[in-house]
Amino acid sequence: MHIPTPELTALEDILPTEPLLMMGAGPVPIPEPVAKANSIVINHLGDTMAKIIEQVKQMSRYVFQTNSKWIMGVAGPGSAAMEMAITNLIWQDTKVLSITNGFFSGRLAEMARRVGANVEVFSVPEQQIANLDALKQTIEIFKPEVITLVQGETSNTVCNKNLEEVAKLAHNYGCYVIVDAVCTLSTMPLQMDEWNIDAVITGGQKGLSSIPGVSLIAFSERAYQRIHSREKDCPQWCLDARLAEKFWHQSSYHYTAPVSGILAIHEALALICKETLENRFARHQRCSLALQRGIEALGLKLFVPEAARLNSVIGIEVPNGIAQKALCQHISNRYRVEIAGSFGLNIVRIGQMGEQSRAHHLFRTLHAFGCAIRDLGGDIDLPTGMAELERGLQAQYSDNF
Ligand SMILES: *Cc1c(COP(=O)(O)O)cnc(C)c1O
């Protein structure tokens, strides 16, 4: 043997003794049934798997709010599901209008460029959502075949609150609409059929509260006809929906499915069905708004004005004199709470996706956040912040619960 065995540190010595509370922009904490399912390996083909896939599709139809049969999974991150939507519906010279107001909507545009599409970027000013009149004009001039956008821009915490209007407008011009809902699906309303959306993308580790690495996508009937009738094969073999159809709709082999991850997502979807979408949306809104109230009462500023503010991930301006990176490191090391920095902006982000939206996590997180800022020399009012969080939760309890 020329290569000696490496000297290793045991995993338990690398991992923190007390798990970190994952309150960043994903991955998020997973519920016990999801963790348990994720530890099981079964045959990727056969009757047991077929039953599980059937249920995953049924539950997905509820979560995506679609009657379309074309639900599929993909062994890969949310980005793989994004690429599956792009590479199946878009090819050389397809005219694509990319509504871009952040990092992830920009990624959709980049993916479309890479398959040779003619991409026009509809750039939305920072901290705003797309203006419908301007969008209509651009559609009339450019005449896109496909429009891409993101429901919740995790990167800068902007929410395209007029998604329904954008999708309906695009549909009126015959465009196919691709929506990235990785961050938002099951945390806030998205009506795939009613809003005329042709492809909805989600990942595991955000709104769904499953594990990273297994993602779901839903195509409308109309989108699937486009895929079925395309002349050239999709250039990516693994992401080819016509091949994925074998596993997801014919119980046969495409590639070995990520069985444990599919079992995990089955459990995550089952928990959503049990909770119901109505209750889940209400829980997310209640928790996120109360946390926002608490953060403001600490004396801090939220990054995005309410008209475009995302609830699923909260963006907070870093106070003067404190370094973003030091803040994230300190809250993690000292308080065992993980929050996220940001791509190029001087904000930190606290997630409100799935299991993150639980009252006990909110109290621990806000307390840790306030203490961390205070430790680093910031001037905040911690008792008022904590009290406002409690008031925020109570006010909404008495209104709706
Ligand atoms: C996280 C995220 C993605 C990418 O997901 P990965 O699993 O990291 O590939 C795409 N879009 C949005 C809106 C996201 O929040």
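Guide: Helix 11 is followed by Gly-299, whose phi is positive, near 105 degrees. This is a predicted model. Helix 11 itself covers residues 277–298, which makes 22 residues. At 1.5 Å a residue they should span 32 Å, and the end C-alpha atoms sit 31 Å apart, which agrees.

Focus on strand 5, residues 146–150. On one side comes strand 3 (residues 95–100), which pairs with strand 5 in the parallel sense over 3 bridges. Within that pairing, Val-96 stands opposite Val-146. Strand 8 (residues 176–180) also pairs with strand 5 in the parallel sense, over 5 bridges. There, Thr-148 stands opposite Ile-178. Val-150 has Asp-180 as its bridge partner in strand 8.

Is strand 5 enclosed or open to the outside? The count settles this: 5 of its 5 residues are buried, so strand 5 is largely enclosed by the rest of the structure. The burial holds on both faces. Val-146, Thr-148 and Val-150 lie on one side, with Ile-147 and Leu-149 on the other.

Next, the helices against the sheet.

Helix 10 (residues 259–275) holds His-266. The contacts of His-266 include Ile-52, Gln-55, Val-56 and Met-59. His-266 has a relative accessible area of 12%; the cut-off for buried is under 20%, so His-266 counts as buried. Its side chain also makes a polar contact of 2.9 Å with that of Glu-267.

Now the nonpolar packing. In soluble globular proteins, nonpolar side chains tend to be buried together. The largest nonpolar core here has 85 residues. Met-72, Ile-90, Leu-190, Phe-219 and Ile-262 touch the most other members. Take Leu-190. Leaving out residues up to four places away in sequence, Leu-190 touches Phe-64, Gln-65, Gln-151, Leu-163 and Val-179, among others. Further contacts of Leu-190 include Ala-181, Leu-185, Trp-195, Ile-197 and Val-200. A second, separate core has 33 residues, including Met-23, Ile-316, Ile-331 and Ile-380.

One last site returns us to helix 11. Ser-357 lies in the loop between strand 13 (347–351) and helix 13 (359–375). Ser-357 is buried, with a relative accessible area of 0%. A polar contact of 3.1 Å joins its side chain to that of Gln-352. Apart from residues up to four places away in sequence, Ser-357 touches Arg-283, His-284, Cys-287 and Gln-352.

Key
Residues numbered from 1 in each chain as written. Predicted model: local features only at pLDDT ≥ 70, side-chain atom pairs only at ≥ 80, totals over all residues. Heavy atoms only, no water. Core = buried A, V, L, I, M, F, W, Y, C linked by side-chain atoms within 4.5 Å. Buried < 20%, exposed > 50% of the residue type's maximum accessible area, 1.4 Å probe, protein only. Contact = heavy atoms within 4.5 Å. Helix = DSSP H or I, 4+ residues; strand = E, 2+ residues; numbered from the N terminus. Polar contact = N/O pair within 3.5 Å; in protein donor to acceptor, adjacent residues only side chain to side chain. Expected span 1.5 Å × (residues − 1). Pairing = 2+ DSSP bridges.
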